[in-house]
Amino acid sequence: MELKKLIPGTMAAAALCFSLAVPVSADNTEFVRDEYGLLSNQEVQELENYGQQLFDEKQCGVYLRVTKDIGGYSDASDFAEYLYVVEELGYGDDHAGILFVVSMGERDYAVTVYGSAYDVFTDRAVSGMIDDILDDLSRGNWYDAFETYYGDSERLLRNYTYHETEYDNNDDLIIIDPPAPEKRGANPIILAIGSLMSSLMVCLGLRFRNKTTGERYSAHEYMSQITMTNRLDLFTHHTVSRVRVSSPPSSHSGGGGGITTSYHSSGFHSTSGKF
């Protein structure tokens, strides 16, 4: 009887210990993702191991994302910040980290730094890092470029100590879902030239016919010569909405198409360009 009473109590204690051992929320430890296929599986794994080492030893997330496009955004920096939030990147409650995004669609790159990681990944430091990377990136030496990114990150993090940064409540961030990509049509310049040439040919043809048949005074005589073959909807602008709210954010809750988070607008330090 004593043994039967002891077993349930032991199991309950073990379950309690297990629940305490498992964190409620885990940091994102997918450090490298190549959606475009620039890297081999072995190269991805080597860079992934590099990121994991920095995460464990330096308490900072160092991330790389290779994407097909910038998700409908007009600026790669906005896209990088969006990824940082929706993927819940960064170390600890401060979300400290750096994200390097390479988009192959328009050959865009962006670097965004968040939280206390800005102590070492300053604007000047990031500018130097980009200078180190850009030549290999432009030449298509993908692995060399990304290895340099992780090597420079390791060097900068030698003087880094993780801490939580305080932000004002009125700096809370709601980041809106990305807009749909632009609807692309024919080049408007080519379209205009083509229309002009078509109109000229019609006019010359009608003028030639009038030499033998005389002038026509009814409009439908001429309209019958014109045929509409294409109808194109061209969009020249799109808008990205980013809204700041003053109320304290809820924990990763979405509403009205936006994602309310504990990230803050002034926590981001971003730069972008072409390669």
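The protein chain has 7 helices and 9 strands, where helices (H or I, at least four residues) and strands (E, at least two) are DSSP runs numbered from the N terminus. Residues are numbered from 1 along each chain as its sequence is written, and side-chain values use heavy atoms, leaving out hydrogens and water. Because the model is predicted, local features need pLDDT of at least 70 and side-chain atom pairs count only at pLDDT 80 or more, while totals for chains, interfaces and linings use all residues.

**The chain as a whole**

- Of the 275 residues in the protein chain, 35% are buried; buried means under 20% relative accessible area, with a 1.4 Å probe and protein chains only.
- The protein chain exposes about 16700 Å², and carbon and sulfur atoms supply 53% of this area, which is computed by the Shrake-Rupley method with a 1.4 Å probe.
- Among contacts (heavy atoms within 4.5 Å) with a separation of 6 or more, 74% are between residues 24 or more positions apart.

**The sheet**

- An open sheet of mixed pairing is formed by 5 strands in the order β1-β2-β3-β4-β9; two strands pair if DSSP finds at least two bridges between them.
- β1 (32–34) and β9 (268–274) are the edge strands, each pairing on one side only.
- On average, neighbouring strands of this sheet are turned by 10 degrees against each other, direction ignored.
- Strands of a sheet pair through backbone hydrogen bonds, either parallel or antiparallel.

**Strand β2 and its partners**

- β2 (residues 61–67) pairs with β1 in the parallel sense over 3 bridges.
- Asp34 stands opposite Val66 in β2, and Arg33 has Arg65 as its bridge partner.
- β2 also pairs with β3 in the parallel sense, over 7 bridges; there, Ile98 is the bridge partner of Val62.
- In β2, 7 of its 7 residues are buried.
- Gly61, Tyr63, Arg65 and Thr67 point one way from β2, while Val62, Leu64 and Val66 point the other way.
- In a regular strand the side chains alternate between the two faces of the sheet.

- Helix α5 (residues 142–156) lies across β1, β2 and β3 (97–103), at about 165 degrees to β2.
- These angles run from 0 to 180 degrees between N-to-C directions, using axes fitted to C-alpha atoms, for helices over the stretch in contact.

Notes
Buried means under 20% relative accessible area, exposed over 50%, partly exposed in between (1.4 Å probe, protein chains only).
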